[in-house]
Amino acid sequence: MSVSMGMEPIALSAYRALVGQEIGVSRWFEIDQARVDRFADVTEDWQYIHVDPVAAANSPLGGTIAHGYLTLSLLTPMAFDVLPSVAGAEMLVNYGMNSLRFLSPVPVGSRICGRFQFRSLERRGDRQWRSEFGVSVEIEGASAPALVAEWVTLTMMPPQ
């Protein structure tokens, strides 16, 4: 089942029923040099393996690669593609990562997508629900993912 944040919100009971399931796979995101360069400028990380195609071509990587944190930052729009929103929720906030590993470099010119599994849901007080998602970012045509993570979010509900 794939429910998008752009679609109608679902009831909390329907959201709870998704625990243990793969929620869906996002659309593909193009990783081009312009995107990598913009990220380098924002983060001030201009390491040659990201921004210098000539020097990177002579490295063991064979060309420029995306920053790991660029790949990580794309989890938000990937999640908006597939994760459901809860009817009546006031907001959804990023609570952090329980685990994160960068497994494979993302070559410039490749495409990536996110695959999400709903692992757990826990009530925290009267107004918060803590969700854990297993996520892997896949590189089109590659055998290993770019990253794997356990992502935690909080859904804030109105006072009861």
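**The pocket and its strands**

Modeller: Start with the contacts of the whole chain. Of those in the protein chain with a separation of 6 or more, 73% join residues 24 or more positions apart. Keep in mind that the model is predicted. The protein chain holds 6 helices and 6 strands. From the N terminus, the order of its elements is α-β-β-α-α-α-α-α-β-β-β-β. Along the principal axes, the C-alpha atoms fill a box of roughly 60 × 30 × 25 Å. The chain has 160 residues, and 42% of them are buried. Its accessible surface is about 8400 Å². Carbon and sulfur atoms account for 53% of that surface.

Now the pocket. The largest pocket has a volume of about 160 Å³. Its lining consists of 10 residues. Nearest its centre lie Thr76, Phe80, Leu92, Trp151 and Thr153. Helix 6 (75–82), strand 3 (91–102) and strand 6 each give the lining at least two residues. By class, 7 lining residues are nonpolar and 3 are polar. The lining has no charged residues.

Next, strand 6. This strand covers residues 147–156, and Thr155 sits in it. The relative accessible area of Thr155 is 4%, under the 20% cut-off, so Thr155 counts as buried. What does Thr155 touch, leaving out residues up to four places away in sequence? Its contacts are Tyr15, Val86, Ala89, Met91, Leu92, Arg127, Gln128 and Trp129. Leu92 and Thr155 are 63 residues apart along the chain, yet their C-alpha atoms are separated by 4.5 Å. Leu92 is also one of the residues nearest the centre of the largest pocket.

Then strand 5. Arg130 belongs to this strand, which spans residues 128–139. Is Arg130 buried or exposed? Its relative accessibility is 14%, and buried means under 20%, so Arg130 is buried. The side chain of Arg130 makes a polar contact of 2.5 Å with the side chain of Glu132. Beyond its neighbours within four places in sequence, Arg130 contacts Tyr95, Asn98, Ser120, Leu121, Glu122 and Arg124, as well as Val152, Thr153 and Leu154. Thr153 links back to the pocket: this residue, too, is among those nearest the pocket centre.

Methods. Residues numbered from 1 in each chain as written. Predicted model: local features only at pLDDT ≥ 70, side-chain atom pairs only at ≥ 80, totals over all residues. Heavy atoms only, no water. Helix = DSSP H or I, 4+ residues; strand = E, 2+ residues; numbered from the N terminus. Buried < 20%, exposed > 50% of the residue type's maximum accessible area, 1.4 Å probe, protein only. Contact = heavy atoms within 4.5 Å. 1 Å grid on protein atoms, 1.4 Å probe; cavity = no way out; pocket = protein on both sides within 12 Å on 5 of 7 lines; lining within 4 Å. Points joined across faces, edges and corners; volume = space filled by probe spheres on them. Nonpolar A, V, L, I, M, F, W, Y, C, P; charged D, E, K, R; others polar. Polar contact = N/O pair within 3.5 Å; in protein donor to acceptor, adjacent residues only side chain to side chain. Areas by Shrake-Rupley, 256 points an atom, 1.4 Å probe, with all protein chains shown as cover.
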